Amino acid sequence: MNDASVNPSRASREPLDRSFPARARVLAAPEETALFWRLRRRLMTNSFRESIARSRLRVALATALTLVLWVGLFVLFLLGFEFLDDAIPEPVTHDETVRAMYSIFFASLTVMLVISNAIIVYSNLYRSDEATFLLTTPARAERVFLHKFQQGMLFSSWGFLLLGSPMLVAYGIVVEAPWFYYGVLLPYLAAFAYIPGSLGAILCMLVVRCIPTNRVHVLTVAGVLAALVGGWLMWSLASRQTSELLTPGWFLEMLARLRASESRMLPSWWLSSGLLEAARSGWRDPSARTAMVESVLFLAVTTSNALVLHQLAVWTAGVTYRSGYSALLGAHVARRRLKMSWMDRAASTVMRPLSARLRLLIVKDLRLFRRDPVQWSQFLIFFGLLGLYFLNTRRLSYDVNYASWVNMISFLNLAVVGLLLSTFTTRFIFPMISLEGRRFWILGRLPVKRDTILWSKFLFAAAGSLVPCALLVLLSDLMLGVSPLVVWVHLLACALLCSGLSGIAVGLGAKLPNLREDSPARIAAGFGGTLNLVLSALYIVSLVVMTTVPCHFYLLATQGGNEALLLNASRQWNWLMLGLLGGCLLGIAATAVPMVVGFRAFRELET
Amino acid sequence: MIEFCHVSRSYGRKVAVADLDLVVPSGELFAFLGPNGAGKTTSIKVLVGLLRPSSGRVRVCGFDVESETRQANSVVGYIPDEPYLYDKLTGREFLQFIAGMYGLPTHVADERIAREIARFELADFVDDLCESYSHGMKQRVALAAALLHDPDVLVLDEPTVGLDPRTVRMMKDLLRERAAMGTTVFMSTHSLSVAEEIADRVGIVDRGRLRCVGTIDELRRRSRSLGKMSLEQLFLEITASPDEAAAAAPVSASPDEDAA
């Protein structure tokens with residue numbers, strides 16, 4: 001229907017009917033709850049129906065990818081637990097080991113969930129159009145908070161469920177846990193996730209309410225402190241070992257050092273203990289029945305704490321949400337006059353061989369990156385932590401007598417750098433074309449070929465990632481003291497990784513843009529972003545295997561150990577050359593194919 | 001009725017609204033006129049409870065917006081410049097949600113939804129998902145939603161921006177009609193012609209201060225007394241930057257007196 005079809009004469013002809021007796025009123029809490037649940041149900045049903053009707057292939061692919069990931073993790077954990085079962089047959093030690101591992105795993109998840117929920121709650125409560133709209137209605141601030149908080153919990157916890165559930169199911173199968181164990185899994189995970197979720201929400205609301213203007217500085221300082229503490233923890237774990245690496249003594253020593261994660265006050269311990277008790281539970285003998293009761297008790301402790309924190313979060317929202325929202329909305333944002341920085345000038349100088357237009361586009365993206373703290377701070381934190389870990393790997397070269405171990409660790413480090421880079425290309429490079437959406441007319445009207453725009457994104461991503469990745473790989477190799485051949489192979493693989501991952505992200509970003517969405521996080525979390533991440537992971541694994549496995553065998557063949565007797569050096573050299581050639585071809589294909597697909601799609605893109 | 005009692009609101013050191021003291025009685029259509037960044041939207045955000053005043057109080061139908069936010073919001077119908085609709089709801093579902101939010105019984109809600117669908121001729125698209133609507137369609141659904149509970153106060157932020165001429169005409173008629181029925185209408189606008197055409201009273205705001213308030217006739221008289229030929233000239237005079245005002249010195253009387 002045309003917008004102009006409103007009939008003004010009808011509007012003026014029919015006077016407003018005020019004869020209805022019903023007047024607006026504020027709703028009681030239960031009515032409001034029912035209303036918002038109806039809203040949520042309706043939104044979910046409509047989204048589901050639309051996805052099924054319009055994008056069956058996407059839904060099928062996303063489901064299949066999730067299932068593959070779940071099954072892959074499940075198999076991995078199953079093999080791990082079977083190995084543990086064989087290695088530690090004694091039940092008490094076995095249980096203690098699993099409890100320690102669970103505690104460490106869930107304690108780490110607690111910290112991650114607190115941080116991720118605080119960030120999601122901030123974006124959902126203070127930066128969303130829906131929250132602004134709801135605050136202008138007669139809805140209670142507590143209800144608006146709960147609506148957005150629970151939405152955020154679902155968003156942030158699916159990863160936790162995807163990671164946690166295959167591990168716990170695998171454990172249940174290995175120890176032949178009863179049905180009771182599987183029955184309490186979901187309530188346990190839900191209650192556990194609610195605790196860090198509520199803590200994150202409370203933390204976020206208090207920070208916004210108390211320090212709306214200086215929140216970024218305070219959080220930056222807190223982030224740096226947390227990184228320092230984390231770094232110190234890693235350093236202390238790696239630097240003061242007394243036992244030989246990767247021996248049972250070393251393993252026990254590590255567990256003892258991480259004993260802090262087994263504090264009885266931590267929800268991770270309640271969860272670990274409760275699930276282990278549930279796995280041992282049963283009806284037949286008294287100890288099994290006791291285990292069942294204990295499991296129920298741990299579940300009650302976890303749930304009651306989750307409920308208390310839930311109430312506390314709701315109360316905090318009632319007290320601080322509206323005033324915090326107002327304070328944040330009213331926080332003064334200083335206008336900054338920014339000029340061309342030395343970085344832009346340096347980049348322009350380095351890129352002199354490129355055309356002026358290409359250079360301008362790259363410098364524009366560089367400026368946007370520099371002026372967006374979300375991008376560079378995450379980049380710094382993750383690459384910084386990885387750098388810290390690589391510095392610590394120095395010990396491995398002293399402790400491990402087998403050169404093959406050192407080589408393998410260096411290959412794994414290369415893969416880790418690639419995986420980390422793939423998360424960045426998915427989060428920041430893939431959404432770049434989509435984010436041009438509403439501004440596309442600016443680029444679209446410029447006397448610049450659309451191909452040039454894509455090239456600029458590709459060069460920005462590839463060149464921008466090559467320097468930090470190559471430095472990290474070099475650092476890892478230097479710390480491990482690997483041979484020059486390995487260093488060269490790694491640098492070649494690193495260049496191919498940067499080029500291929502950038503090509504995949506830019507090409508797919510142009511092929512599957514989401515021009516309606518403003519949030520890069522949501523664009524990355526969509527189908528295109530997921531596909532980008534999966535393809536990137538497949539590419540990394542394939543490339544690392546093709547380039548490093550032949551290198552590994554060649555080194556074994558030439559280093560004169562027992563393996564040298566079994567391996568023919570010249571044949572391994574041929575394999576190495578073949579692997580490197582295959583890796584180069586794969587890298588070229590991973591760069592060129594998505595870019596060609598992206599060019600075609602981008603030329604035809606209408607906004 | 002809307003009462004701004006010496007309301008001020010700052011963003012850091014920048015004063016967005018300074019000592020706004022204004023009463024808009026029932027049945028009046030008040031146009032808040034001013035250039036970009038004058039403080040119109042900030043005043044409206046304070047009025048609907050999104051922003052809290054740094055000092056002063058705002059009352060809507062006797063409810064204090066800060067301490068009785070829910071009651072105040074229940075008597076207000078608010079249409080922002082960029083209305084929010086749920087992408088994954090149809091227009092009808094959105095209207096049902098809003099009716100539920102204001103506690104209308106189901107049979108009343110159904111009748112009023114039917115009434116607004118007919119009034120704004122939404123029938124052709126009201127059962128489509130809102131994500132497929134144009135700006136004009138969204139604006140009409142938002143307007144229908146704001147009127148569902150027959151609010152005593154209607155607040156509109158730049159209601160005519162981005163609408164086609166027929167919808168603008170319909171909007172103007174509707175606002176006059178509501179005011180005639182006793183609803184207080186508070187509307188911000190850039191457009192002098194819209195204010196001249198439909199407003200009972202106009203307030204000209206600039207750099208956070210209400211510089212001038214009165215009926216159109218009063219403003220015209222004032223404009224003539226200052227040697228200005230039109231309301232537009234008066235508006236430009238009042239909202240001129242300090243440098244421009246100095247250049248036009250002979251007519252720069254203190255208009256703040258009128259604000260009282």
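**Notebook: strands, a helix crossing and an interface**

I began with chain B, where strand β1 (residues 2–11) and strand β4 (residues 55–60) run antiparallel and are joined by 5 bridges. For my notes, two strands pair if DSSP finds at least two bridges between them. Helices (H or I, at least four residues) and strands (E, at least two) are DSSP runs, numbered from the N terminus. This is a predicted model, in which local features need pLDDT of at least 70 and side-chain atom pairs count only at pLDDT 80 or more, while totals for chains, interfaces and linings use all residues. Residues are numbered from 1 along each chain as its sequence is written, and chains are lettered from A and ligands numbered from 1 in the order in which they are written.

Staying with β4(B), I found B:Ser55 opposite B:Ser8. I then followed β4(B) to strand β5 (residues 63–64) of chain B, an antiparallel partner joined to it by 2 bridges. Here B:Arg59 stands opposite B:Asp64. The two strands form a hairpin with 2 residues between them, and B:Cys61 in the turn has a positive phi of about 50 degrees.

Next I looked up a helix pair in chain A. The axes of α19 (residues 450–480) and α24 (residues 569–603) of chain A come within 9 Å and cross at roughly 140 degrees. That makes α19(A) oblique to α24(A); angles under 35 degrees count as roughly parallel, over 145 as roughly antiparallel, 65 to 115 as roughly perpendicular and the rest as oblique. Axes are lines fitted to C-alpha atoms, for helices over the stretch in contact, and angles run from 0 to 180 degrees between N-to-C directions.

Which residues of α19(A) meet α24(A)? I listed A:Arg450, A:Asp451, A:Leu454 and A:Phe458, which meet A:Met595, A:Gly598, A:Phe599, A:Phe602 and A:Arg603. Contact means that C-beta atoms, placed from the backbone, lie within 7 Å.

Then I turned to the interface, to which chain B gives 53 residues and chain A 42 residues. On the side of chain B that touches chain A, α6(B) supplies the largest share, 8 residues. The predictor gives the complex an ipTM of 0.90 and a pTM of 0.77.

Last, I checked confidence (pLDDT, from 0 to 100 for each residue). Chain B has a mean pLDDT of 86, with 91% of its residues at 70 or more. Where does pLDDT stay under 50 in chain B? I noted residues 248–260, for which the model has 19 contacts beyond four places in sequence. Confidence in chain B is lowest in helix α11 (residues 256–259), at a mean of 38, and highest in helix α3 (residues 91–101), at 95.

How values were computed:
Two residues are in contact if their C-beta atoms, placed from the backbone, lie within 7 Å. pLDDT is the predictor's confidence in each residue, from 0 to 100.
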